[in-house]
Amino acid sequence: MQIKPKAYSYIRISSAGQIAGDGLNRQIRAAREYADTHDLELDETLQDVGSGYHGKHVKFGALGGFLELVKRGDVDKGSFLIVESLDRLSREAVIDAQLQLLNLLKAGITVVTLIDGAVYSEDKDFTQLIISLTIMSRAHEESATKSFRAKERIRKRKEDALAGNAIYNKNIAGWIDQIRIGDSSEWRYEINQHGPTIQRIFDLIEMGIGTHKIARIMNQEKRPVLRRGINPKEQWRDAAIARIIKDETCIGTLTLFEEIDGKRVVMGEPIKNYYPAVISEEQFWRVQRNRPTHPNSGRKGERFSNLFARNTACSACGNVLKMYYGGRKHNRHSYYGCMQQRTHGATCEAGAKMFRYNALENAILDHVAEFQSDAIFGSNAATLSSSELSLMIAKAEAKITDLEQRRENLLDLAEITNDRDERIRIKDRTIGLRRGIEDEKAQLSDLIKRQSSLAEQQAALHDVSSRIAMERATWPSGSDAEVYESRARVSNSLRKFISRIVVNFSQQIAFVYVGGYTRIYMFDREGTLITTVNGAAMPFSEIEKVMRADGASEAEIAQAKDVHTKLQAAA
């Protein structure tokens, strides 16, 4: 009995999983009919061959993967590859696609195109190869043309948006509905039922609650996700929360992007008030300023057990402290230990020694009023540099104006220049200036935030001790969820004036740095206040050591040094 040659449907080998759609099913039926008519055995077990390989041989996906199977002997020479049309084989550059086809023919594979019944094989004359080259060239040009037109349509829509026109945006934020105005091409935007969820997220962030816990709270409160179908269980995830809190769409700002030299850059100026704002600008930028650069991802328990998670360090190695627990279920005790010694397995002078957390927390909360007074004094000293920040802001604004004027001049020059090469050089220079403008604007924004945060810090410090006392009074009788949010608020408030907590495990002393390192409180393991030290009386080198361990920037260290100098002069 003669063995039938095997045939493979290209639509089958280039598709992953279940075939769906009328177009795909039509091609499979046509391949089966061709195989029956020409006495071929259609092998339908092979599919998605491009995904199983890595390296240069899969540059062309399924086509390259199929060729690799031929070379390995998994597909017999003399087999047929059935494709609807040659333009389905590749959208790559013509020469590359033709080379792949030639390699298939040289390997003994016959390629059949259903649309015209053409058969390509190694023993055919060159006429068919010329025809195949023409077909592939047409496919590549059509693909490039479609891509260009699609990009132009997208760019036109973006330019319409930059002109202030309300356009339809298929990727609009999930808390905004877009509603067509009558039969026109104009749209209007409204905050939908998800608006309160976004507000809740920002309120929780301001309490100092991390994205992981906020996602859990969203799920516990049974708040629906912004878009259905994102994940099978329709659950909130950390990444979704993180994206929301950084998205300026929350304050109604539209930011568009384009690709320049392979890099994604801002297109035009962000448009304020394009969308309805779901939160205030003040709250949004406050969250951006206060968001930690390296957020603590550790668990905080059901009642936010560690109030100082982001502000602690071991005096011996500078590593962060970790919370440990002892005692029985209804009489638990919390302790601080060195993270490096106990978790990373590295050697630290602290060894396995512990420091009583409960006693330290009570001591700190008992002295909050004193901390507040010291912090206000330290903040007043720091605000003396506000005039310097104003000068830096003025210089940055002047530089941005100069760069923008230079860029406008170049754009005007490009309009009247007939030399193509010169226009390209001008365009390159305008791109460079644009990047410079964006960099300067980012620095200006940072300076403005730093200046506004000085006044904000002073305002936030007043009466904070009384608010903490009120929160503390609710802990004995509150539910786990109520206590968690309350302690999160207290933790966030404490960070406003507690700069750092350093534990010396050998001496069993906790050093609490207050008000930008302007005063140091020293507590023993029982929570008893040993003494306080004026930061001005301490060598700045010691303060700098603590700040560097805390990850402070050079600018922050320079500012602290300036404050330290002024405090010494005042003393």
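**Labels and their cut-offs**

Modeller: A polar atom of the Asn-192 side chain lies 2.9 Å from the backbone nitrogen of His-194. The model is predicted, with local features needing pLDDT of at least 70 and side-chain atom pairs pLDDT 80 or more, while totals for chains, interfaces and linings use all residues. Residues are numbered from 1 along each chain as its sequence is written, and side-chain values use heavy atoms, leaving out hydrogens and water.

Colleague: Why does Asn-192 count as buried?

Modeller: Buried means under 20% relative accessible area, with a 1.4 Å probe and protein chains only; Asn-192 has 11% relative accessibility and therefore counts as buried. Asn-192 sits in the loop between strand E7 (187-191) and H6.

Colleague: What makes H6 and H8 roughly perpendicular to each other?

Modeller: The axes of H6 (residues 195-206) and H8 (residues 238-246), lines fitted to C-alpha atoms over the stretch in contact, come within 11 Å and cross at roughly 90°. Angles of 65 to 115 degrees count as roughly perpendicular, and the two helices are therefore given that description. Their contact (heavy atoms within 4.5 Å) is made by Ile-198, Ile-201, Phe-202 and Ile-205 of H6 with Ile-241, Ile-244 and Ile-245 of H8.

Colleague: Why is helix H11 said to be largely enclosed by the rest of the structure?

Modeller: In H11 (residues 357-366), 7 of the 10 residues are buried, so the helix is largely enclosed by the rest of the structure. Among those buried residues are Tyr-357, Leu-360, Glu-361 and Ile-364.

Methods. Axes fitted to C-alpha atoms, helices over the stretch in contact; angles between N-to-C directions. Helix = DSSP H or I, 4+ residues; strand = E, 2+ residues; numbered from the N terminus. Parallel < 35°, antiparallel > 145°, perpendicular 65-115°, else oblique. Buried < 20%, exposed > 50% of the residue type's maximum accessible area, 1.4 Å probe, protein only. Polar contact = N/O pair within 3.5 Å; in protein donor to acceptor, adjacent residues only side chain to side chain.
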